[in-house]
Amino acid sequence: MSEQIIPKHIAIIMDGNGRWAKKRLLPRTAGHKVGLDTFVNTVDTCSSMGIEYLTVYAFSAENWNRSEDEVSALMELMSKGITKYEPEMNRLNIRLRLVGDIDRFAPKYRDALRGVESRLDNNSGMTLCICLSYGGRQELVYAVNKLLKEGKTEITDKDISASLYTSDVPDPDLIIRTSGEYRISNFLLWQSAYSEYYFTDVLWPDFDKNELLKAIDSYSKRERRFGR
Ligand code: IPE
Ligand code: IPE
Ligand code: MG
């Protein structure tokens, strides 16, 4: 591989856990469990590569429409997983940001997640944004309502950027989606205006370091023009 241009901000739509489990005749939750391990490994790799921002789409606003069983299994898995991973994230000097309507989570999960976020707040290494109960349209509505409450009657694109959940995070350079789906599914609609996309058929639980390096290598070869 030639010299790599490392993206400053990588965003990932971690998709395909259910199909991974189905292929093995396992319950969907088994796919989510392995998906959580893939997430932890990806965070480790990105942090050690010097990526400044990593954003992952873990649970969408629309994922609330899944079965009650799957939703509660996911809540349990994510809050326990992130709590268990806290010492390692701290060791890696990772700052955590929860992005989305976390207040929709049951208080015990919300409080556990917010606790980890606040304890890692003073770290200065990679910023890890976890999108939970997140939707790009919902975020834009939130931003516009925030501006209306501030008394604005006319707004600029800077006003919108500054009112999003991700106001202090630069736009993603590279957006990866696993599992062979070619859609954005309500992820970072505003922020992705000039992001590069990388799609792979690999299902999220199988997305290892080598697959991540392939995505970065592909990004490295792109010419970004930003309309110029
Ligand atoms: C991604 O995997 C994880 C979440 C959306 C929470 P899926 O659960 O969407 O898996 P598939 O797409 O059904 O295979
Ligand atoms: C997108 O995956 C959301 C996450 C990965 C968290 P989905 O599986 O929910 O998206 P669709 O339904 O295939 O568009
Ligand atoms: Mg899916």
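Which element gives the most to the shell around ligand 1? I looked this up first, and it is α1, with 3 residues. Helices here are DSSP runs of H or I with at least four residues, strands runs of E with at least two, numbered from the N terminus.

I noted that this is a predicted model, where local features need pLDDT of at least 70, side-chain atom pairs count only at pLDDT 80 or more, and totals for chains, interfaces and linings use all residues. Residues are numbered from 1 along each chain as written, chains are lettered from A and ligands numbered from 1 in written order, and side-chain values use heavy atoms, without hydrogens and water.

Ligand 1. I found 13 residues around it, with Asp 15, Gly 18, Arg 19, Arg 28 and Arg 66 nearest; a residue counts if one of its heavy atoms lies within 4 Å. I then checked polar contacts (pairs of N or O atoms within 3.5 Å). A polar backbone atom of Arg 19 is 2.7 Å from an oxygen atom of ligand 1. The side chain of Arg 66 has an N or O atom 2.7 Å from an oxygen atom of ligand 1.

Ligand 2. I listed its surroundings, including Tyr 57, Asn 63, Arg 66, Arg 183 and Ser 185. A side-chain N or O atom of Ser 185 is 2.6 Å from an oxygen atom of ligand 2. For Arg 183, a polar side-chain atom lies 2.8 Å from an oxygen atom of ligand 2. Strand β2 (residues 53–60) supplies the largest share of this shell, 3 residues.

Conventions: Polar contact = N/O pair within 3.5 Å; in protein donor to acceptor, adjacent residues only side chain to side chain.
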